[in-house]
Amino acid sequence: MNTLCDIFCPEGIYATEIGRVGKEVGRVQNLKSPSPKLEIGAIDRLKLVSKQLENDLTRQKGRVELALKGLDEEKSNFFVSEEVSQEAAKLFLIHCIYPRSIQSPDDAMYCSAFAFRLHKVWTPGFSTLHYLDELIAVVAGSLFGVTEGEAANLAILLWQSWKVINAWRYQEHVFNNEVLGKPGSQMEILDDAEKTTKPISHKDFIKLYNKWHSSLGAALIGCLKSTEYMHMRAGLVVLTRLVDVFPTRPGVGNKLLEALEPLQDENSSRPDIRASANAYGMMVVKARDEGKWVEEDEAVAKARADKEKAAAEERKKKLEQTFQEIERDSEKITAEIGPRDRHDRRRDYATTRGPDDLDNGRQAVGRSADQINARSSDFARMESGELLGRDRSRDDRDRRPGRDTDRRDRDAPNEDRGRGRAVDDDWRRDGGAARDDRRWQRDITTSRGAKRSRPSTPDNDHELERSSTKRSRLDAENYSSRRNAGSRGEPSPPPRRPRRDSPEQPSRPRTRRNRR
């Protein structure tokens, strides 16, 4: 099966790519301080690429020339009669062009190129204008019965054909050079109930173009206004592909924009259709502003541009007024509540008041500046978590059984112990115990549920004595916690471990084993 490469050689693409590679070679050679090995390798690679492109171009040209030569030799056998007929063009479209064009984008491009190649080689019995007339009619009717992929392939076929049609319509000299005088320029025309074949002039071709434009536009507008999902989808796919070449007349263009408005509604139940409609709406407006609507009157275009400019200025003024109102409201709010937000004002409040004053709502009366600053700094450190984390780590270390804690408690002076009890009593009186109940309870649960590192069976008498002492102390703590919880309805921290020299538990005699 033949493909597009058999009848068409993209010489412009090859020339562009070869020129780009040549510029890259010059850039590498003009480098001031390149690495010799890298420079030589890059230049050799680029030269090899350029040589391969030139060889491909030569080979592709030879392939196309051979295919076109065979096509020129067989063109007289394509149609039964050398006389131009509408029926022959219709059968050629239905049996040859349309079935293959809907298969893939490459097939669609090949079909379009093949049809215009038959026109270019003066194929006997083939009327290009009849073929285009049938093509527009068939595509306009098939839009209501194709899938999205088939619609996309038909859009490619239509786009390739409509580019040539636009050139023939709006450039008379192109029409005279490419169409006039060839077999493809002849058409069958009914004249007094008789069919006559005659060539079509540029003036007659304009009438044909207007007919095709209106027919295709009506079909696409019908797709947009349909209630079927696939009709709308197929219409948007084709319109998006043709946006650069269709529409060219303002009447059809404005009708298309009107048909898009219901699809662009925010309350639409089909979000994908709404997105496609919005995208095509922006594209067609851009094409209109760029002059793709060739037949639009200049006065109408200028009036629309002035109107849009005035609307843009009005929107700009409204935005400026809105911003000014927002600024005035912001200044009014700032004047009422101050330049700082709520969080910053609370921090300033905390730096001038103590934590007790902040909680109870009292002013710091009768305190010195040093006391206020000390308590406010402690309060700020407690909010940041620094003081709380340090106290918790100290409590965990004090509760951990070990000889170092016992030796520190035993060697501590009596006045330090008394001061420690006083601080502890103050802490309980200030409500610290109530605030840390949950932390004490969590620590007890963790310590009780943690895995022991020592063996469950003591190895000697000393270990047996230590485990018994520890078990009795834990039982006493648990009993005290349950009793306090039953009386107050909430858990309480365990009591402090008695000192070695306290009357609650006599200290063991210092022996060599204890010191170890």
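The expected span of a helix is 1.5 Å times one less than its number of residues. Helix H13 shows how this works: its 40 residues, 298–337, reach 58 Å from the first C-alpha to the last. That is close to the 58 Å expected. The model is predicted. Its chain has 23 helices and two strands.

**Helix H13 and its end**
- H13 covers residues 298–337.
- Gly338 follows H13, and its phi is positive, near 100°.

**The chain as a whole**
- The chain has 516 residues, and 31% of them count as buried.
- Its accessible surface comes to about 33,700 Å². Carbon and sulfur atoms account for 51% of that surface.
- Take the contacts between residues at least 6 apart in sequence: 69% of these join residues at least 24 apart.

**Nonpolar cores**
- The largest nonpolar core has 71 residues. Tyr131, Trp162 and Phe246 have the most contacts inside it.
- Helix H9 (residues 202–225) gives this core its largest share, 10 residues.
- A second, separate core has eight residues, including Val25, Val28, Leu46 and Leu53.
- Leaving out residues up to four places away in sequence, Phe246 touches Trp162, His213, Leu216, Gly217, Leu220, Leu239 and Val252.

**Confidence**
- The chain averages a pLDDT of 76, and 64% of the residues score at least 70.
- Over residues 346–367 the pLDDT is below 50. This stretch still has 23 contacts in the model beyond near neighbours in sequence.
- Residues 501–505 also stay under 50. The model gives them six contacts beyond four places in sequence.

Terms used
Residues are numbered from 1 along each chain as its sequence is written. This is a predicted model: local features need pLDDT of at least 70, side-chain atom pairs count only at pLDDT 80 or more; totals for chains, interfaces and linings use all residues. Side-chain values use heavy atoms; hydrogens and water are left out. Helices (H or I, at least four residues) and strands (E, at least two) are DSSP runs, numbered from the N terminus. Buried means under 20% relative accessible area, exposed over 50%, partly exposed in between (1.4 Å probe, protein chains only). Contact means heavy atoms within 4.5 Å. Accessible areas come from the Shrake-Rupley method with a 1.4 Å probe; for residues, only the protein chains shown count as cover. pLDDT is the predictor's confidence in each residue, from 0 to 100. A nonpolar core is a set of buried Ala, Val, Leu, Ile, Met, Phe, Trp, Tyr and Cys residues joined through side-chain atoms within 4.5 Å.
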